[in-house]
Amino acid sequence: MSDNEEWSELLHDHPIFSLLKSNDDSHPKSKNLLELSTNSLPDFINVDPQEDAPTPSGRRQVMLLKDSELIVAAGKEIRMSSFGDLKLSRSVRKSYKTLHTPNIQFEIHQIALNPSGKLLAVAGAFQVAVIVLPRAGYSRLVPETIDCKAVQVGQFYHASDSSAPIAKIEWHPWGEAGSTLLVMTIDGKLREYDISNDTEEPQQVLSFVPEKKSKSFMAVDNSEREVASFSLGKGRADWGPLTVYAVMKSGDIYSICPYMPQNASIPSSYVHSLECFISAKQEFLLQGTSSASKNLSTIYDYQHKYVTALVKQLPPGTVFPATSKSVLMHPPTTIKSPPLRQGPFLLQPSPRMLEGSEGGDATDITYLAFGTDDDDPEDDARDTEHLGIILVSYQDGKVDLFLDVEKVEARWDIKHISSHDLPMLAVYETIDLGLITMLNQVTVDPTSTSLLELLHGNHPVFLLDPLHDDMVYVYHAFGVHALDISPVLQNLAAALREEDEDESVLQKALEKSTMTNVQPIISTFSVERKCSNPIIAVAIPNDVYLTYCIFVLTSVMRITTFPLNIRLEPSHARKPLIADGPDSKPIDKSKWLTPVDGPPSFVSLLGSSVYTPPTIIANPSGLPYNPKLSLPGLPSGSKEFMLTPDTLRFIGKTVAQITSQIQEIHLAYREVLARTMLQKEEQLRQSSTCKEMETIVEKLKGPARQATDARFTKIQEEQKDLLARLDRLLQALMKKASPELSEQETKWFEELKRMKEDILGRGRYDDDSLISRTHMLEREYARVLPPLQALAEKETQRGKKYAENTQNLGFSQAFEYGQRSNIDRTKITAIEKDVLKLATKLDVVLGRPPSTNAE
C-alpha cells in the first residue's frame, strides 16, 4: 500500500475533521455559507465585527502539525490528535481531544505555533488569544475535553467594536523563550506582545501607514492604506533578519529596518557578522568624497552606533569566530529617532497585468533566502545566499517574483538626512495560476453575475516547504498550486559563479526563459455548480515519525493528502559524476595512467553527458500531474449528476490532457526502453573489453613478465660493462692528455701527505701526532674531572649548610668559617689554573671552570 493510500484510509473518516453541529447536513443554509459562489460572495467580502460568521473570508490557516500531533481549529474550538500512534498501530481508535478554552468566544481563522511548541496563538477576524497547549500524554487521558489556560491578547486594541481587522499573526523566531507574538492589523499597525510579561499592552508598535492629517486632503485609494500581510526578512551577515516587509492591498511594498523584539535572543555570530559588514561598508565609503557619500556616511555612523550597542550586550569573552550561542538582547536606546518606513519599493520593470483581469488586491507576501544554513564553502547554494526572493500573491491568481538585489539597510527618521531615495526590487517573473482562464471557460447566463466576481472572495496564502527552500505552496479559494523555484535558482547560481569572468554572463542568464515550475495539485471549483470549497489550511509534516507528505483541508473539513519525495541533495548543488567534453581534465592525475595523444581506444555508446529521465516519469516532487478534484457536494435533496455543456467541456479537456499524458508516457517508455537496450549493449561491450584487459594483464604477469625480467637483468649487466669500459677509456684519455702531474698538483699532494702525518703520525708509536695528544688529553681530563665534581658538590652542600646556619652563628664563628672557606677557594683556584695551563700546552679548549658554574 502506498503512503498516499495509507494516509487517505487513516484520515478518511477521522472525527477530528467533522463539521460543527451548526454546519452539518441538518443546517443546509449554514453549510452553503462554506461554499464560495455568487450567492455567498457578500459573506466572503463583508466583515462584521458584531457577527463573526464561519465564512472562510480573508487569511485562513486552521490546521498545523506539532511534531506528530495534529491541531485543527473548527469554529470556536481547538482539536488535537496524535497521528504518530495512529500510523504505528491501526488498532488505535480514531479520536481527538477538545481543548476547553472558555475565553475564546470567536470564530478562529488563524492559528500559529510558537518556536518552543508550547503556546498556540489563535486569531479571529478581530480578536487574538494565546492557548497553553497540554503536555505530552494528553491523548491517554479519559476525558474528551482538556482544560487549558487561554488568555486574550490586547483586548483594548483587538476586542472593541472599533478594532481594525487582523491581517496576520506570527511568532518572531528570535523572541526570548519563543514568547514574542506579532499581530498585524489592516490599518498598518504591527504590535509586538511579549506573552511572558504582558498580554494587554504591546511592547513595541510599528506603523506602516502614516497618520492622516486633520487639515489636509490626500487623494489616496483605500487599498493603499490597508495592509494585506507582512513577512520577516532573512539573511546571514546583513540587515535582513532585522527587517519587516509589509504589502498593501494595492500591491505597494514597504519595509522597516531595524526591528528586533524588546526581549530578543539573537545568535552572537550574527552580531559579529553584522559588525564586520558595517565596518567594511564604512571603509569602502572613505574612498568617495561626493555629497551622496557624506549622506551615506551619516547613515553608516548611526548603523555603527546601533551595532556597537548590540556588541556591548554580548557576554564578556565572546569572540569571533567562535561557537555561536543565543544571547538575550534588548533594542539599543542610543538612537532616539524611530526607524524609518522605507518605500514604496520601485518595481523594475513594472509587473505585468494578467490578461482579462482588472487587477486584484494583494493578499500575502513571503521572503525566501537560500543557503543560509549551509556551511559547506564549496556548495553552489552559497552563490545565491546573498540574494533574497520576495513573492507577492494577488486575488486574481497573479504571483509576482521579485529579486532583492539591493537589500534594505537600517535607516532612522532623522530630519537632516535625506529620505527621498526609494528602495528597489527587480521584477523577475509574473506567475499566472490560471484562475481567470478557468472561470472564463464556464458559461453563465448573461443576466447573472460574472464568475470573475468570485475572485473578490479569493485570498491566496503562501506556505513554505519545511525541507526544501525552493518549494512554495499557494492555497486559495479554488485549490492549491505548487511553485518550484529551483530552475530560477540554478540559472542565477550559474550566472553568479561566472560573473567575475565575464560581466555579460549575468545579463545573458537573466534573458534566458528560465521560469518557475507551476503545478496545480488540487482543484475545488465545481464546473457544474459554479462554486468552490475554499482551502482553509495546508500542512506539511516535519517529523521523522510521519511520512513526508502534504495535508490539504477544505472549508467543509474534507482532508486530502499527497505524498512528497525527499531530495537527498539540492539540484543546484549536484556535482557532475563524469567529465563533460573532450577538453575536460581528469580529476585524479597519474604519470602511469596518462592517456596517449590521438583518438581514444574506447568510446562509450552512452556518451559523456549524464542521462536525464523524461519529465513525465521522473517527477522529482512526487506531486500529481493532474490536479486532484475535491469538489463541493451536491445540493441538499439532489442526487443526480447534471450533464451540462460546461461539464462536457471540462470532461473533454480532462480526457485530452490524460490522453496527451498517456502518449507522453508511451514515448517516454520507448525512450527509456531504447536507453535500457543501449545500456545493455554497452554493458556487453564493457564486459568483453574487461575480459580482453584481464587477458592482457595475465599475459603481462606470466611469460611476458619473465621475459621482461630477463631483459632487464641483461640490460643491467651490459650497463655495468659499459661503465667499466667508460672508466678505462677516461683514464687512458687522461694519461694521454696529461701524462705527468703539474707543479700545483705535486704541491697539493705533498701538503695532503704532510697533514696526514701530522694527524696520524709517522709511525704507530708517534707521541707527537694529533690523535695521540688527543687521547692523552682525554685521559687527563677524565682523571681530573671526578675530584673537581666532588669538590663542587661539597661546596654546594657547604653553601646550603652555611645558609641554614648563618642565622644561628655568632660573629666570631662566621668569621672563622669564612677564613676556612677562602683557603679552600684559593686551593681550588690554583688547581684550575694548573689544568688550564695543561690544556693550553695541549691545544685543547675546555669549558668554564666548576667554580665559575657554582657562582
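In what order do the five strands of the open sheet with β20 and β21 run? I looked this up before anything else. The order is β20-β24-β23-β22-β21, and the pairing is mixed. I note that this is a predicted model.

**Entry: edges and twist of this sheet**

I checked the edge strands next. They are β20 (346-348) and β21 (362-369), and each pairs on one side only. From one strand to the next, the twist averages 30°.

Strand β23 covers residues 398-404, and strand β24 covers residues 424-432. The two pair in the antiparallel sense, over six bridges. A reminder to myself: strands of a sheet pair through backbone hydrogen bonds, either parallel or antiparallel.

**Entry: the sheet that holds β1**

I moved to an open sheet of five strands in the order β1-β2-β3-β4-β8. Pairing is mixed here. Which strands form its edges? I found β1 (63-66) and β8 (145-147), each pairing on one side only. The twist in this sheet averages 30° from one strand to the next.

I looked at β1 beside strand β2 (residues 69-74). They pair in the antiparallel sense over four bridges. L64 stands opposite I71 in β2.

**Entry: a hairpin**

Strand β32 (residues 549-554) pairs with β33 in the antiparallel sense, and I noted five bridges. C549 has P563 in β33 as its bridge partner. Four residues lie between the strands of this hairpin, and M557 takes a positive phi near 60°.

Why do I call β33 largely enclosed by the rest of the structure? Strand β33 (residues 559-563) has five residues and four of them are buried, so the rest of the structure largely encloses it.

**Entry: aromatic rings**

How many aromatic pairs are there? I noted nine aromatic pairs. I opened one of them, F478 with F525. The ring centres are 5.9 Å apart and the planes stand at 65°, so this pair is edge-to-face. The cut-off I needed: planes over 60 degrees apart count as edge-to-face.

I asked where the two residues sit. F478 is in the loop between β26 (471-476) and β27 (479-484), while F525 is in strand β29 (residues 525-526). These parts are 47 residues apart in sequence, so the pair ties together separate stretches of the chain.

Are F478 and F525 buried or exposed? F478 has a relative accessible area of 2%, so I wrote it down as buried. F525 is buried too, with a relative accessible area of 3%.

I also found a cluster. Ring pairs link W239, Y302, Y306 and W412.

**Entry: lysines over rings**

I looked for charges over ring faces. K168 lies over the face of F230, at 5.2 Å from the ring centre. K398 lies over the face of Y394, at 4.5 Å from the ring centre.

**Entry: helix α12**

I ended with helix α12 (residues 645-701), which has 57 residues. What does α12 reach from its first C-alpha to its last? I read 81 Å, close to the 84 Å expected at 1.5 Å a residue.

Which residues of α12 are buried? My list is D646, T647, Q661, A668, R675 and E682. What covers these buried residues includes α11 (615-618).

Key:
Residues are numbered from 1 along each chain as its sequence is written. This is a predicted model: local features need pLDDT of at least 70, side-chain atom pairs count only at pLDDT 80 or more; totals for chains, interfaces and linings use all residues. Side-chain values use heavy atoms; hydrogens and water are left out. Two strands pair if DSSP finds at least two bridges between them. Axes are lines fitted to C-alpha atoms, for helices over the stretch in contact, and angles run from 0 to 180 degrees between N-to-C directions. Rings of Phe, Tyr and Trp (its six-membered ring) pair if their centres lie within 6.5 Å; planes under 30 degrees apart count as stacked, over 60 as edge-to-face and the rest as tilted. Buried means under 20% relative accessible area, exposed over 50%, partly exposed in between (1.4 Å probe, protein chains only). A charge sits over a ring if NZ of Lys or CZ of Arg is within 6 Å of the ring centre and within 35 degrees of the ring normal. The expected span of a helix is 1.5 Å times one less than its number of residues. Contact means heavy atoms within 4.5 Å.
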